[in-house]
Amino acid sequence: MDDQIFSIGELSKLSGIPVRRLRFYSDKGLLPPSMRAESGYRMYSGADLARLDLVLALREAGVSLTEIRKILANRTSFADVLALRLRTLETEIRSKRRIATALRMALKLHEPSPADLRRLWTVTKLSKTEFRAALERFYDDVAGGAPMDAAWKKKMMDAGTPDLPEDPTAEQIDAWAELMDMLSDRAYAAEMRAHMSDLWTQEFDPAAYAQTAEATFARVKAAIESGLGPQSAVGREIAADWLTQSAEAMKRAPDQAFLDWQLEQYRKHHARSARYQELMAVLHGQAPQAPTAREWSWIIEAMKQLF
């Protein structure tokens, strides 16, 4: 068949594709004619028919015209394009499942409330990618143009981006919506920007601070599991070490002024931070109170004994 030449009308009959659609593919560069007759009509070969079969198969798989053009020009491999299409389909399937979950929840109610309708709207937008983008915008807003350590920012974003369940519950959908509201709250971002401006000075060592915090939380967790309270001798020791080491990471003196600053930052920001962690725990199907919030509360109570 490769030696045969077909008019566009004959190609249409062989393929079952309307002439107008064939012209469209030709104009888009997906099916250029092998030659043109003296009259100017487009003429196609058996190889063009095989090319058309490939275009139709890829379109059936949902591959875009742009990607098909890259494949035909040998600029993109079949495997790469199909892998991308598979990821897209899997994302669409997860989205459809979540919408179905919200619809089932709404249909169980005699008269859905505005909150139920909001939940339905929220579930159509569930996406880890979307959440991470919102989180990045939040951190950029908090930074306010000031330099922020890229490694620290990535670590915080990795810790603060939830993995959404395949079939979320109503509580998880509500937790997602509340988290997105927090990240969109300009007043909250302004509060955090003021906090970060105090913390993120030129002298601040984020790696040392993170290392100190991790080690301190491990000690606090062990103390809690051993039944030791923040007012114990161990609590006072941990608090004193934390004050000294965190002050060193910030190039500040571990004095009363620094202690007062830490306690004030906790008073201002802990409730929001703890709520964020609670919502993350809901999304992860964990206990309502995340360990970090518990440990912060413990160390702050221990610090109140100092001086």
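**Salt bridges**

I looked up E178 and R275 and found their side chains joined in a salt bridge, N to O 2.9 Å; the term needs a side-chain nitrogen of Lys or Arg within 4 Å of a carboxyl oxygen of Asp or Glu. E178 is in helix α9 and R275 in helix α13, so the pair ties together parts 97 residues apart in sequence. Helices here are DSSP runs (H or I, at least four residues), strands likewise (E, at least two), numbered from the N terminus. The model is predicted: local features need pLDDT of at least 70 and side-chain atom pairs pLDDT 80 or more, while totals for chains, interfaces and linings use all residues. Residues are numbered from 1 along each chain as its sequence is written, and side-chain values use heavy atoms, without hydrogens and water.

I checked accessibility next, where buried means under 20% relative accessible area, exposed over 50%, and partly exposed in between (1.4 Å probe, protein chains only). E178 is partly exposed at 29%, and R275 is partly exposed at 34%. I also noted that E178, R275 and E278 are linked in a network of salt bridges.

A search of the whole structure gave me 11 salt bridges. One of them joins R42 and D27 at 3.2 Å, N to O. R42 sits in strand β3 (residues 42-45) and D27 in helix α2 (residues 19-27), 15 residues apart. R42 is buried at 16%, whereas D27 is exposed at 59%.

**Helix α13**

The 28 residues should span 40 Å, and the end C-alpha atoms are 39 Å apart, which agrees. I did find a kink of about 55° centred on H269; the bend at a residue is the angle between axes fitted to the seven residues ending there and the seven starting there.

**Core**

I then went to the largest nonpolar core, which has 44 residues; L179, Y276, I299 and M303 touch the most other members. Such a core is a set of buried Ala, Val, Leu, Ile, Met, Phe, Trp, Tyr and Cys residues joined through side-chain atoms within 4.5 Å. α13 gives the most to this core, with 7 residues.

**T161**

I placed T161 in the loop between α8 and α9. T161 counts as buried at 6%. Beyond neighbours within four places in sequence, T161 is in contact (heavy atoms within 4.5 Å) with K128, F131, R132, L135 and M280.

How values were computed:
The expected span of a helix is 1.5 Å times one less than its number of residues.
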